[in-house]
Every structure is written in structure tokens, then in C-alpha cells.
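Hi,

Here is the structure I promised to pass on. Have a look at it first, and then read on for what turned up.

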Amino acid sequence: MISILLILMIMILIIATMVMILASLISKKSFYDREKMSPFECGFEPLNSARLPFSLRFFLIAIIFLIFDVEIALMFPMIFSLKINSLFNWMLTSIIFISILILGLFHEWNQGALEWSN
């Protein structure tokens, strides 16, 4: 029984060593791969700077998405709290929460943050 386990462990060690050696041989960098290590691997010279300013419109859309994503996560517990709270308190809290979100959406719409093209 112990000899079978010993043989199995030696076989696993040999296979793991062979896989590591094969992976290190395959992943060796050659002299011809230096172009791929350069920042622009396509081979063209850059026309502009790589440090372009970030689009503020994209940032605003991402923030709006995060706000509404969190809003959904906050609305799920409201369903389960219906059993604990009275119907009036639950309805009042839900209406206030959803109206704040709708007012924020209308404000963003009026400010023009939801327009994709300009």
C-alpha cells in the first residue's frame, strides 16, 4: 500500500516537473520578440501622445451607471422589509427613495449628461 502511494507521488512529481520545464521552454523570449515588448507592438510610430485626457462624458455616464447599479442593490432589501414594517412606512420609504432617484435622473437629463453625441 505504501509503495503504491510512493510510486504515485513520484509519478506526480515527475509529471509536474516536466510540465514546468516545458512551460519555461515555450515561454522563453527570443531576440525576435523585442518588437513585441515595445509599447506600440503594431510597428507604427505613434502620431499622438499616449497620455490623452480622459473623456469627462464617459466618466459621467460611468458614475450614473454605478449610481443606478447601487440603487438596485438597495431596493432588494426593501422587498424583504415589507414583512417587518407596516405597509404605510414601507410605502413612504419606497416612494421617497424612488423619487430621489427620479429627481436625480431628471437633473442629469437636464444637464445633458445622458446625451451620447455632441
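Before anything else, a word on terms: a residue counts as buried when its relative accessible area is under 20%, and as exposed when that value is over 50%. Keep in mind, too, that this is a predicted model.

With that cut-off in hand, take E71. Its relative accessible area is 11%, so E71 is buried. This residue sits in helix α2. What does E71 touch, leaving aside residues up to four places away in sequence? The answer is F97 and L101.

Now for the chain overall. Of its 118 residues, 8% count as buried. The accessible surface comes to about 11,200 Å², and carbon and sulfur atoms hold 75% of that. As for contacts with a separation of 6 or more, 50% of them join residues 24 or more positions apart.

Helix α3 is worth a look as well. How far apart are its end C-alpha atoms? They are 36 Å apart, and the 25 residues of α3 (residues 87-111) should span 36 Å at 1.5 Å a residue, so the two values agree. W90, S94 and L101 are buried in α3, and α2 is part of what covers the buried residues there. L101, remember, is one of the residues that E71 touches.

Last, the record. The unreviewed UniProt entry carries the annotation "transmembrane region" for residues 6-27, 58-81 and 87-106. In the model, the span 58-81 is 96% helix and 0% strand, with its end C-alpha atoms 36 Å apart. For 87-106 the figures are 100% helix and 0% strand, and the end C-alpha atoms lie 28 Å apart.

If you open it up, I'd begin with E71 in α2 and then go across to F97 and L101, which it touches.

Cheers

Terms used
Residues are numbered from 1 along each chain as its sequence is written. This is a predicted model: local features need pLDDT of at least 70, side-chain atom pairs count only at pLDDT 80 or more; totals for chains, interfaces and linings use all residues. Side-chain values use heavy atoms; hydrogens and water are left out. UniProt positions are given in the numbering used here, feature names are shortened, and annotations may be inferred rather than shown by experiment. Helices (H or I, at least four residues) and strands (E, at least two) are DSSP runs, numbered from the N terminus. Buried means under 20% relative accessible area, exposed over 50%, partly exposed in between (1.4 Å probe, protein chains only). Contact means heavy atoms within 4.5 Å. Accessible areas come from the Shrake-Rupley method with a 1.4 Å probe; for residues, only the protein chains shown count as cover. The expected span of a helix is 1.5 Å times one less than its number of residues.
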